[in-house]
Amino acid sequence: MKMNQSILNQFRLSVLEQHLGVYGVSVFQQGKGNIAHRFRSDDRECLYSASKTFTSIAVGICQDEGRLKITDKVLDFFPEYREIASPGSEKITLRDLLHMAAGKDVFLFSVEMTDYPNTDWAELFFKDPVKSKPGETFFYANACTYMLGRVVEKVSGELLRNYLMPRLFEPFQIFNPQWECCPTGHTMAATGLYLTTEELANIGRLLLQKGYWNDKPLVSEAYVNAMHEDIISTAHWGTDHESTNGYGYQVWKCAQEGAFRVDGMYGQFSIVVPDKQAVITTTSHNEHCSNDIVRAVFRDIVPYLD
(Lines give C-alpha, C1' and ligand atoms only; values in the text may rest on other atoms or scores of the structure.)
Protein backbone atom coordinates (compact mmCIF):
# COMPACT_ATOMS: atom_id res chain seq x y z
CA MET A 1 0.00 0.00 0.00
CA LYS A 2 1.47 3.32 -1.08
CA MET A 3 1.38 6.52 0.94
CA ASN A 4 -1.35 9.02 0.14
CA GLN A 5 -0.29 12.51 -0.95
CA SER A 6 -2.82 13.94 1.53
CA ILE A 7 -0.37 13.07 4.32
CA LEU A 8 1.38 16.32 3.44
CA ASN A 9 -1.72 18.55 3.60
CA GLN A 10 -1.30 19.82 7.17
CA PHE A 11 2.44 20.29 6.79
CA ARG A 12 1.88 22.34 3.65
CA LEU A 13 -0.52 24.59 5.54
CA SER A 14 1.93 24.98 8.42
CA VAL A 15 4.72 25.97 6.03
CA LEU A 16 2.54 28.75 4.61
CA GLU A 17 0.92 29.90 7.85
CA GLN A 18 4.13 29.86 9.92
CA HIS A 19 6.32 31.20 7.10
CA LEU A 20 8.69 28.27 7.55
CA GLY A 21 10.51 28.92 4.28
CA VAL A 22 10.50 25.31 3.06
CA TYR A 23 11.49 24.84 -0.59
CA GLY A 24 10.57 21.17 -0.83
CA VAL A 25 9.61 18.19 1.32
CA SER A 26 10.06 14.49 0.61
CA VAL A 27 8.70 11.59 2.65
CA PHE A 28 10.01 8.07 2.19
CA GLN A 29 8.59 5.07 4.04
CA GLN A 30 10.02 1.60 3.72
CA GLY A 31 7.75 -0.55 1.57
CA LYS A 32 5.42 2.33 0.72
CA GLY A 33 7.53 4.46 -1.55
CA ASN A 34 7.87 8.22 -1.66
CA ILE A 35 5.68 11.32 -1.74
CA ALA A 36 6.87 14.88 -2.18
CA HIS A 37 5.75 18.48 -2.56
CA ARG A 38 7.55 21.50 -3.99
CA PHE A 39 7.02 25.07 -2.83
CA ARG A 40 9.50 26.35 -5.44
CA SER A 41 11.81 25.02 -8.15
CA ASP A 42 13.83 21.90 -7.38
CA ASP A 43 17.32 23.37 -7.46
CA ARG A 44 20.48 22.18 -5.80
CA GLU A 45 20.83 24.15 -2.57
CA CYS A 46 23.74 24.59 -0.22
CA LEU A 47 23.24 21.97 2.51
CA TYR A 48 25.34 23.91 5.00
CA SER A 49 25.98 21.60 7.97
CA ALA A 50 23.99 18.74 6.47
CA SER A 51 27.22 18.29 4.51
CA LYS A 52 28.79 17.05 7.74
CA THR A 53 26.91 13.75 7.66
CA PHE A 54 28.35 12.93 4.24
CA THR A 55 31.81 13.49 5.74
CA SER A 56 30.97 11.17 8.61
CA ILE A 57 29.91 8.48 6.15
CA ALA A 58 33.27 8.91 4.39
CA VAL A 59 35.05 8.28 7.71
CA GLY A 60 32.96 5.15 8.21
CA ILE A 61 33.80 3.85 4.75
CA CYS A 62 37.50 4.54 5.36
CA GLN A 63 37.27 2.52 8.57
CA ASP A 64 35.52 -0.31 6.72
CA GLU A 65 38.33 -0.30 4.16
CA GLY A 66 40.95 -0.54 6.90
CA ARG A 67 42.41 2.90 6.22
CA LEU A 68 41.80 4.22 9.75
CA LYS A 69 40.08 3.60 13.08
CA ILE A 70 38.02 6.24 14.79
CA THR A 71 40.13 5.72 17.91
CA ASP A 72 43.18 6.97 15.97
CA LYS A 73 44.80 10.23 17.07
CA VAL A 74 44.26 13.03 14.56
CA LEU A 75 47.77 14.45 14.93
CA ASP A 76 49.27 11.10 13.90
CA PHE A 77 47.98 11.77 10.38
CA PHE A 78 49.78 15.13 10.31
CA PRO A 79 53.33 14.59 11.62
CA GLU A 80 54.37 17.78 9.81
CA TYR A 81 52.48 19.81 12.45
CA ARG A 82 53.56 17.93 15.56
CA GLU A 83 56.08 20.60 16.54
CA ILE A 84 53.62 23.50 16.35
CA ALA A 85 50.55 21.72 17.80
CA SER A 86 49.23 23.17 21.05
CA PRO A 87 49.60 20.99 24.17
CA GLY A 88 46.80 18.43 24.34
CA SER A 89 46.25 18.33 20.57
CA GLU A 90 48.03 14.97 20.46
CA LYS A 91 45.18 13.45 22.48
CA ILE A 92 42.36 14.32 20.06
CA THR A 93 40.90 11.26 18.32
CA LEU A 94 38.73 10.96 15.23
CA ARG A 95 35.84 10.02 17.51
CA ASP A 96 36.35 13.31 19.35
CA LEU A 97 36.07 15.16 16.04
CA LEU A 98 32.92 13.20 15.13
CA HIS A 99 31.45 14.19 18.51
CA MET A 100 32.47 17.87 18.18
CA ALA A 101 34.55 17.40 21.33
CA ALA A 102 38.08 18.39 20.33
CA GLY A 103 38.52 20.54 23.44
CA LYS A 104 39.06 23.63 21.28
CA ASP A 105 36.31 26.19 21.82
CA VAL A 106 36.28 28.05 18.50
CA PHE A 107 33.85 27.51 15.63
CA LEU A 108 36.58 27.49 12.99
CA PHE A 109 39.97 28.98 13.94
CA SER A 110 41.00 31.77 16.31
CA VAL A 111 43.40 33.57 13.96
CA GLU A 112 42.52 36.71 12.05
CA MET A 113 40.47 36.15 8.91
CA THR A 114 43.34 37.59 6.88
CA ASP A 115 45.40 34.51 7.77
CA TYR A 116 42.82 32.07 6.36
CA PRO A 117 43.82 32.25 2.67
CA ASN A 118 47.56 32.04 3.32
CA THR A 119 47.87 29.20 5.83
CA ASP A 120 46.99 25.50 5.75
CA TRP A 121 43.82 25.18 7.83
CA ALA A 122 45.13 21.96 9.40
CA GLU A 123 48.00 24.01 10.81
CA LEU A 124 45.52 26.56 12.18
CA PHE A 125 43.53 23.77 13.82
CA PHE A 126 46.51 22.28 15.63
CA LYS A 127 47.79 25.69 16.74
CA ASP A 128 44.52 26.59 18.47
CA PRO A 129 44.75 25.93 22.22
CA VAL A 130 43.06 22.96 23.83
CA LYS A 131 40.81 24.39 26.55
CA SER A 132 39.23 21.21 27.91
CA LYS A 133 39.95 17.48 27.89
CA PRO A 134 39.28 16.09 24.39
CA GLY A 135 36.23 13.86 24.25
CA GLU A 136 34.43 15.34 27.25
CA THR A 137 32.58 18.49 26.17
CA PHE A 138 30.50 19.17 23.05
CA PHE A 139 31.37 22.41 21.25
CA TYR A 140 29.91 22.73 17.77
CA ALA A 141 32.78 23.55 15.44
CA ASN A 142 33.19 23.42 11.68
CA ALA A 143 36.89 22.91 12.32
CA CYS A 144 36.21 19.39 13.63
CA THR A 145 34.46 18.27 10.47
CA TYR A 146 36.94 20.02 8.22
CA MET A 147 39.72 18.00 9.87
CA LEU A 148 37.77 14.77 9.32
CA GLY A 149 37.74 15.60 5.63
CA ARG A 150 41.47 16.23 5.71
CA VAL A 151 42.07 12.86 7.35
CA VAL A 152 40.00 11.10 4.66
CA GLU A 153 42.16 12.87 2.09
CA LYS A 154 45.36 11.83 3.88
CA VAL A 155 44.51 8.13 4.00
CA SER A 156 42.94 7.88 0.54
CA GLY A 157 45.07 10.27 -1.51
CA GLU A 158 41.89 11.87 -2.86
CA LEU A 159 39.86 14.94 -2.02
CA LEU A 160 36.88 14.03 0.16
CA ARG A 161 34.45 14.82 -2.64
CA ASN A 162 36.35 12.64 -5.11
CA TYR A 163 36.73 9.81 -2.61
CA LEU A 164 32.96 9.71 -2.19
CA MET A 165 32.16 9.77 -5.91
CA PRO A 166 32.34 5.99 -6.60
CA ARG A 167 31.50 5.00 -3.02
CA LEU A 168 28.42 7.15 -2.37
CA PHE A 169 27.43 9.70 -5.00
CA GLU A 170 27.46 7.33 -7.97
CA PRO A 171 25.39 4.64 -6.17
CA PHE A 172 22.97 7.48 -5.32
CA GLN A 173 23.00 8.48 -9.03
CA ILE A 174 24.07 11.98 -8.07
CA PHE A 175 25.88 13.43 -11.08
CA ASN A 176 28.76 15.85 -10.53
CA PRO A 177 27.91 17.18 -7.05
CA GLN A 178 29.48 20.53 -6.25
CA TRP A 179 31.34 20.81 -2.94
CA GLU A 180 33.19 23.98 -2.01
CA CYS A 181 36.89 23.95 -1.13
CA CYS A 182 38.98 25.94 1.33
CA PRO A 183 41.52 28.46 -0.04
CA THR A 184 44.20 25.76 -0.32
CA GLY A 185 41.96 23.43 -2.32
CA HIS A 186 40.73 20.90 0.24
CA THR A 187 37.03 19.95 0.41
CA MET A 188 35.28 22.07 3.04
CA ALA A 189 33.68 18.92 4.55
CA ALA A 190 31.68 20.84 7.18
CA THR A 191 29.58 22.79 4.69
CA GLY A 192 29.37 23.75 1.04
CA LEU A 193 27.83 20.64 -0.55
CA TYR A 194 24.99 21.43 -2.99
CA LEU A 195 22.17 18.92 -3.56
CA THR A 196 18.45 18.83 -4.34
CA THR A 197 15.85 17.76 -1.79
CA GLU A 198 15.67 14.21 -3.16
CA GLU A 199 19.46 13.93 -3.38
CA LEU A 200 19.69 14.92 0.28
CA ALA A 201 16.95 12.40 1.10
CA ASN A 202 19.25 9.61 -0.07
CA ILE A 203 21.53 10.02 2.93
CA GLY A 204 18.57 9.68 5.30
CA ARG A 205 17.45 6.55 3.50
CA LEU A 206 20.97 5.11 3.73
CA LEU A 207 20.95 5.66 7.50
CA LEU A 208 17.45 4.18 7.86
CA GLN A 209 18.61 1.13 5.89
CA LYS A 210 21.66 0.74 8.14
CA GLY A 211 24.17 1.46 5.42
CA TYR A 212 22.54 -0.53 2.61
CA TRP A 213 21.58 0.89 -0.77
CA ASN A 214 19.79 -1.30 -3.33
CA ASP A 215 20.65 -4.30 -1.15
CA LYS A 216 24.39 -3.50 -1.24
CA PRO A 217 26.32 -2.19 1.78
CA LEU A 218 27.92 1.21 1.19
CA VAL A 219 29.00 1.63 4.82
CA SER A 220 28.91 -0.90 7.64
CA GLU A 221 25.81 -1.36 9.76
CA ALA A 222 28.00 -1.15 12.87
CA TYR A 223 29.19 2.34 11.92
CA VAL A 224 25.70 3.57 11.02
CA ASN A 225 24.36 2.31 14.36
CA ALA A 226 27.19 4.05 16.21
CA MET A 227 26.40 7.30 14.38
CA HIS A 228 23.17 7.70 16.34
CA GLU A 229 23.81 5.48 19.36
CA ASP A 230 27.26 6.69 20.49
CA ILE A 231 26.05 10.04 21.78
CA ILE A 232 27.70 12.98 23.52
CA SER A 233 25.58 15.25 25.73
CA THR A 234 24.42 18.60 24.32
CA ALA A 235 22.30 19.49 27.35
CA HIS A 236 24.24 22.74 27.74
CA TRP A 237 23.83 23.74 24.10
CA GLY A 238 21.10 26.39 24.18
CA THR A 239 17.47 26.16 25.21
CA ASP A 240 15.80 24.70 22.12
CA HIS A 241 14.80 21.14 23.00
CA GLU A 242 15.73 19.95 19.52
CA SER A 243 19.34 20.96 20.24
CA THR A 244 19.79 19.46 23.70
CA ASN A 245 19.15 15.74 23.20
CA GLY A 246 22.65 14.75 22.18
CA TYR A 247 24.95 14.52 19.18
CA GLY A 248 26.34 11.44 17.48
CA TYR A 249 28.77 11.12 14.58
CA GLN A 250 27.69 14.31 12.79
CA VAL A 251 23.96 13.74 13.37
CA TRP A 252 21.65 15.25 15.98
CA LYS A 253 19.29 13.29 18.21
CA CYS A 254 15.70 14.53 17.93
CA ALA A 255 13.35 15.29 20.81
CA GLN A 256 11.21 12.33 19.72
CA GLU A 257 12.64 9.14 21.16
CA GLY A 258 14.64 7.09 18.67
CA ALA A 259 14.63 9.69 15.89
CA PHE A 260 17.74 11.50 14.66
CA ARG A 261 18.56 13.88 11.85
CA VAL A 262 20.96 15.22 9.29
CA ASP A 263 20.87 18.96 10.03
CA GLY A 264 21.94 22.04 8.09
CA MET A 265 21.44 25.76 8.68
CA TYR A 266 18.20 27.36 7.48
CA GLY A 267 16.34 24.04 7.45
CA GLN A 268 18.24 21.44 5.43
CA PHE A 269 17.03 18.31 7.20
CA SER A 270 16.82 14.58 6.61
CA ILE A 271 14.99 13.20 9.63
CA VAL A 272 15.17 9.46 10.28
CA VAL A 273 12.23 7.99 12.23
CA PRO A 274 13.05 4.29 12.73
CA ASP A 275 9.81 3.32 14.47
CA LYS A 276 7.90 4.49 11.38
CA GLN A 277 10.59 3.19 9.00
CA ALA A 278 10.49 6.65 7.49
CA VAL A 279 12.68 9.53 6.38
CA ILE A 280 11.37 13.09 6.02
CA THR A 281 13.63 15.51 4.16
CA THR A 282 13.40 19.25 3.59
CA THR A 283 15.43 21.94 1.90
CA SER A 284 14.57 25.41 3.09
CA HIS A 285 15.60 28.94 3.90
CA ASN A 286 14.37 29.76 7.39
CA GLU A 287 16.38 32.48 9.12
CA HIS A 288 14.10 32.70 12.17
CA CYS A 289 14.07 29.25 13.80
CA SER A 290 14.69 26.31 11.51
CA ASN A 291 13.93 23.83 14.29
CA ASP A 292 10.30 24.90 13.88
CA ILE A 293 10.43 22.85 10.66
CA VAL A 294 11.48 19.79 12.67
CA ARG A 295 8.61 20.35 15.08
CA ALA A 296 6.18 20.72 12.18
CA VAL A 297 7.40 17.42 10.71
CA PHE A 298 6.74 15.56 13.96
CA ARG A 299 3.40 17.30 14.49
CA ASP A 300 2.01 17.33 10.94
CA ILE A 301 3.57 14.36 9.12
CA VAL A 302 4.85 11.63 11.43
CA PRO A 303 1.49 10.92 13.17
CA TYR A 304 -0.08 10.19 9.76
CA LEU A 305 2.46 7.54 8.83
CA ASP A 306 1.04 4.05 9.47
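Is Lys131 buried or exposed? Select Lys131 and take a look: this residue is exposed, with a relative accessible area of 54% (buried means under 20%, exposed over 50% and partly exposed in between, using a 1.4 Å probe and protein chains only).

Before moving on, a word about what is on your screen. This is a predicted model, in which local features need pLDDT of at least 70 and side-chain atom pairs count only at pLDDT 80 or more, while totals for chains, interfaces and linings use all residues. Residues are numbered from 1 along each chain as its sequence is written, and side-chain values use heavy atoms, with hydrogens and water left out.

**Stop 1: charged pairs**

Asp105 sits in the loop between helix 3 (94-98) and helix 4 (121-127), and Lys131 in the loop between helix 4 and helix 5 (142-156), so the pair ties together parts that are 26 residues apart in sequence. Helices here are DSSP runs of H or I with at least four residues, strands are runs of E with at least two, and both are numbered from the N terminus. Asp105 is partly exposed, at 39%.

Next, select Arg40 and Asp43. Their closest N and O atoms lie 2.5 Å apart in another salt bridge. Asp43 is partly exposed at 32% relative accessible area, and Arg40 is partly exposed at 32%.

Now go to Arg167 and Glu158, a salt bridge at 3.8 Å. Glu158 is partly exposed, with 29% relative accessibility. Across the whole structure, the search finds 18 salt bridges.

**Stop 2: helix 5**

Select residues 142-156, which make up helix 5. Helix 5 has 15 residues and reaches 21 Å from first to last C-alpha, close to the 21 Å expected at 1.5 Å a residue (1.5 Å times one less than the number of residues). Of these 15 residues, 14 are buried, so helix 5 is largely enclosed by the rest of the structure.

Definitions and conventions. Salt bridge = Lys/Arg side-chain N within 4 Å of Asp/Glu carboxyl O.
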